[in-house]
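Student: Could you walk me through this model and show me how to read its features?
Tutor: Gladly; let's go one feature at a time.

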Amino acid sequence: MGGVAAGTRWIHHVRRLSAAKVSADALERGQSRVIDASLTLIRERAKLKAELLRALGGVKASACLLGVPLGHNSSFLQGPAFAPPRIREAIWCGSTNSSTEEGKELNDPRVLTDVGDVPIQEIRDCGVEDDRLMIVVSESVKTVMEEDPLRPLVLGGDHSISYPVVRAVSEKLGGPVDILHLDAHPDIYDAFEGNIYSHASSFARIMEGGYARRLLQVGIRSITKEGREQGKRFGVEQYEMRTFSKDREKLESLKLGEGVKGVYISVDVDCLDPAFAPGVSHIEPGGLSFRDVLNILHNLQGNVVAGDVVEFNPQRDTVDGMTAMVAAKLVRELTAKISK
C-alpha cells in the first residue's frame with residue numbers, strides 16, 4: 001500500500017500547488033504529456049505484437065493482456081491495484097504447463113500476447129481525476145483493439161475498471177455486447193458511498209450507457225434491496241447462489257451474443273467460494289467452486305470478444321500464492337475462449 005499512499009500524498013500536494021501558484025493550463029499540459037506518453041507505449045507495443053502475429057498468419061483473434069492496476073475505487077481494501085504482476089507471474093509459473101484445458105498453448109503468441117499495464121498510479125500521481133482517468137483506460141483498450149487480431153483480456157484492478165473497458169469495447173465494435181458477469185455482488189449501485197465510479201457501481205454505468213444488451217450475473221450471494229431494484233430497472237438476469245442447483249443446467253449451456261457485437265466476460269475472483277480463492281477483499285462464503293466456473297465458461301456458446309479478471313487482492317492471499325494461481329488459471333481459460 002506504500003505506493004498508493006505516496007501517490008495520494010503527491011496528488012494532494014499537486015492540488016495545493018494548483019490552488020496557489022500553478023496555472024490550470026500548465027497542469028493540464030503536463031498531465032496530457034504523461035497520458036500521451038502512456039498511450040504511446042501501449043500503442044507501439046500493440047502494433048509490434050500485431051505485426052508479428054499477422055506475419056505468422058493463421059490467427060483470427062489473439063487474447064492480449066492489458067493490466068489496469070487500479071484499486072482506489074474499492075470500498076474496502078485497495079490491494080487489487082497490485083494484482084496484474086502477480087497474475088502474470090502465476091501464469092508462467094513453472095509448477096504447471098502452458099496448455100489450457102482445451103489444449104491451446106499459451107506460449108504460442110497466436111494464442112496469447114501482452115502489451116503491459118496502463119500506468120494508473122503514475123497518471124494519478126499527476127493529479128488526474130477519475131473522469132479523465134476512465135477515459136484513459138478506455139482509450140488504452142481501444143488502442144489494443146485497433147491492432148487486428150488483438151483482443152483485450154484485462155487484468156484488474158478493482159471492478160470499477162469494467163465500466164471503461166466495456167465502454168471501449170462497445171464503442172469500438174459499434175454496438176452493445178452481451179455480458180456474462182461472475183461475482184458475489186451485482187456491483188450495480190447507482191453511486192456507492194457517493195462515488196459513481198465505485199467498484200460497486202460499474203455495471204450501473206455500463207447499463208446506463210447502453211453498452212450491454214443482456215447482462216447475466218452469476219454467483220450472487222451478497223445483494224441488497226437496491227441491488228435487486230437496480231437489476232429490475234436495467235433488466236438484469238441475476239442468478240443467486242441460493243438457487244444455483246436449480247439454475248445449474250441453464251448456466252452450463254448458455255448461448256450469448258447473437259444479434260449483438262459479441263460476448264464480454266467479467267470474472268470477479270470473489271465469485272468463487274473463499275475456500276478456492278481466499279485472496280480477495282470481500283470474503284463471501286457460499287460461492288461457486290472453481291469447476292462450476294469452468295463448466296460455465298467452457299460450455300458457453302458465443303463469440304467472446306474481450307474480458308477481464310478483477311478483484312484479486314495479493315495482500316490477502318496465502319503465503320504460497322494460491323489465489324494468484326486461481327486468477328492465472330481463469331486468465332488461461334478465458335484466453336482459450338477468446339483466441340481463434
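Student: With which side chain does the side chain of His-159 make a polar contact?
Tutor: First, a word on the ground rules. This is a predicted model, in which local features need pLDDT of at least 70 and side-chain atom pairs count only at pLDDT 80 or more, while totals for chains, interfaces and linings use all residues. Residues are numbered from 1 along each chain as its sequence is written, and side-chain values use heavy atoms, with hydrogens and water left out. A polar contact is a pair of N or O atoms within 3.5 Å; within protein, one must be able to donate a hydrogen and the other to accept it, and residues adjacent in sequence count only if both atoms are side-chain atoms. Here the side chain of His-159 makes such a contact with that of Ser-266, at 2.7 Å. The side chains of His-159 and Asp-268 are also joined by a polar contact, of 3.4 Å.

Student: Is His-159 buried or exposed?
Tutor: Buried means under 20% relative accessible area, exposed over 50%, and partly exposed in between (1.4 Å probe, protein chains only). His-159 has 0%, so it is buried. Asp-268 is buried too, at 2%.

Student: What does UniProt list for "binding site"?
Tutor: UniProt positions are given in the numbering used here, with feature names shortened, and annotations may be inferred rather than shown by experiment. The unreviewed entry lists His-159, Asp-183, His-185, Asp-187, Asp-268 and Asp-270. They are spread over 112 residues of sequence, yet cluster in space, with a largest C-alpha distance of 12.2 Å.

Student: How many aromatic pairs does the structure hold?
Tutor: Rings of Phe, Tyr and Trp (its six-membered ring) pair if their centres lie within 6.5 Å; planes under 30 degrees apart count as stacked, over 60 as edge-to-face and the rest as tilted. There are two pairs in the structure. The ring centres of Tyr-163 and Tyr-197 are 6.4 Å apart and the planes lie at 25°, so this pair is stacked. Tyr-189 and Phe-192 form a tilted pair, with 4.7 Å centre to centre and 50° between the planes.
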